[in-house]
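This briefing is for a reader meeting the structure for the first time. Please look it over, and then go through the points that follow.

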Amino acid sequence: MTGVPASTAGGSGTKPAPGGKLGAAAVNQASLWNIANILTMIRLVLVPAFVVLMLQDGGYDPVWRAWAWAAFAVAMITDIFDGHLARTYNLVTDFGKIADPIADKAIMGAALLCLSALGDLPWWVTGVILFRELGITLMRFWVIRHGVIPASRGGKLKTLVQGAAVGMYVLALTGPLATLRFWVMALAVVLTVVTGLDYVRQAVVLRRQGLAVARAAQRSAQESAR
């Protein structure tokens with residue numbers, strides 16, 4: 001909004017102004033307030049709102065649980081759209097790279113911890129999922145200098161099934177639906193473990209390749225210096 005459109009700036013064929021770098025920096029700074037980042041911020045705000053709604057009246061009121069599910073559902077939907085918008089319209093920012101995964105882990109972690117604290121979900125399930133999510137996030141940072149581990153189809157399926165399972169547990173379901181949510185959560189746990197192991201394999205391979213390239217470059221530099 002604060003900069004000159006690229007089509008206008010390049011149309012005259014003139015050389016860029018001396019302050020071009022400052023202008024680009026201003027545009028990048030303004031781009032923080034793009035729709036993708038705003039959706040991420042909304043998701044962060046929904047985390048405490050979800051916890052408050054979930055724990056109202058002891059955490060077992062069906063009406064409050066329905067409102068908590070609505071907050072959780074909105075957070076999961078914005079998670080789908082903010083990443084898509086950022087990639088499609090080139091709205092990727094440093095803030096988004098950091099805040100987006102934090103928001104993802106925060107809403108899922110809050111839901112799992114609340115469910116286990118209320119006795120609706122075994123603590124070991126919460127432990128497995130959170131350990132996997134936090135572990136993979138740290139592992140990505142560990143190998144980031146060698147390359148980026150892309151989200152796999154299995155990882156995307158895991159996120160979808162995990163969100164559906166947690167959402168079903170947030171709702172006060174009974175009867176056949178309560179049985180169904182057990183099996184959906186079981187599938188989510190299996191996908192969580194399997195995709196987690198696959199990401200570990202990718203990270204090990206990526207790190208080995210990166211170290212091999214670095215050693216080759218170092219040997220080449222030493223030979224050139226002789």
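How are α7 and α8 oriented to each other, roughly parallel or roughly antiparallel? Their axes make an angle of about 150 degrees, and an angle over 145 degrees counts as roughly antiparallel, so α7 and α8 are roughly antiparallel to each other. The model is a predicted one.

**The protein as a whole**

- Along the sequence the elements follow the pattern α-α-α-α-α-α-α-α.
- The protein has 226 residues, and 35% of them count as buried.
- Taking the contacts between residues at least 6 apart in sequence, 75% join residues at least 24 apart.

**Helices α7 and α8**

- Two packed helices are described by the angle between their axes and the distance between the axes.
- Helix α7 covers residues 153-170, and its axis lies 8 Å from that of α8.
- Helix α8 covers residues 176-225.
- The crossing of α7 and α8 is left-handed.
- On the α7 side, the residues that meet α8 include Gly154, Gly155, Leu157, Val161, Ala165 and Tyr169.
- On the α8 side, the residues that meet α7 include Leu177, Leu180, Phe182, Met185, Leu191 and Tyr199.
- By class, the contact of α7 with α8 consists of 16 nonpolar, five polar and two charged residues.

- Helix α3 spans residues 35-54 and helix α4 spans residues 62-88; their axes are 9 Å apart, at an angle of about 160 degrees.
- With an angle of that size, α3 and α4 are therefore roughly antiparallel to each other.
- The crossing of α3 and α4 is left-handed.
- In the contact of α3 with α4 there are 17 nonpolar, two polar and four charged residues.
- Helix α5 spans residues 94-117; its axis comes within 9 Å of the axis of α3, and the two cross at roughly 15 degrees.
- This makes α3 roughly parallel to α5, since angles under 35 degrees count as roughly parallel.
- The crossing of α3 and α5 is left-handed.
- The contact of α3 with α5 divides into 17 nonpolar, three polar and three charged residues.

**Residues in helix α6**

- Threonine 126 lies in helix α6, which runs over residues 123-143.
- Threonine 126 has a relative accessibility of 2%, so it counts as buried, the limit for buried being under 20%.
- Beyond its neighbours within four places in sequence, threonine 126 is in contact with Leu112, Leu113, Ser116 and Leu121.
- Glutamate 133 is also placed in helix α6.
- Is glutamate 133 buried or exposed? Glutamate 133 is buried, because its relative accessible area is 8%.
- Not counting residues up to four places away in sequence, glutamate 133 touches Lys105, Lys158 and Gln162.
- The C-alpha atoms of glutamate 133 and glycine 196 are 8.1 Å apart, while the two residues are 63 residues apart in sequence.

**A residue in helix α8**

- Alanine 186 is located in helix α8.
- With a relative accessible area of 27%, alanine 186 is partly exposed.
- Glutamine 162 is 24 residues from alanine 186 along the chain, and their C-alpha atoms are separated by 9.5 Å.

**Residues in loops**

- Aspartate 57 sits in the loop between α3 and α4.
- Most residues other than glycine have a negative phi.
- Aspartate 57 is not a glycine, yet it has a positive phi of about 55 degrees.
- Aspartate 57 has a relative accessible area of 56% and is therefore exposed.
- Leucine 91 is in the loop between α4 and α5.
- Leaving out residues up to four places away in sequence, leucine 91 touches Asn34, Ile35, Ala36, Leu85 and Ala86.
- Leucine 91 and tryptophan 33 are 58 residues apart along the chain, with their C-alpha atoms separated by 9.6 Å.

Key:
Residues are numbered from 1 along each chain as its sequence is written. This is a predicted model: local features need pLDDT of at least 70, side-chain atom pairs count only at pLDDT 80 or more; totals for chains, interfaces and linings use all residues. Side-chain values use heavy atoms; hydrogens and water are left out. Axes are lines fitted to C-alpha atoms, for helices over the stretch in contact, and angles run from 0 to 180 degrees between N-to-C directions. Helices (H or I, at least four residues) and strands (E, at least two) are DSSP runs, numbered from the N terminus. Angles under 35 degrees count as roughly parallel, over 145 as roughly antiparallel, 65 to 115 as roughly perpendicular and the rest as oblique. A crossing is left-handed if the near helix is turned anticlockwise from the far one by less than a right angle, and right-handed if clockwise. Ala, Val, Leu, Ile, Met, Phe, Trp, Tyr, Cys and Pro count as nonpolar, Asp, Glu, Lys and Arg as charged, and the others, Gly among them, as polar. Buried means under 20% relative accessible area, exposed over 50%, partly exposed in between (1.4 Å probe, protein chains only). Contact means heavy atoms within 4.5 Å.
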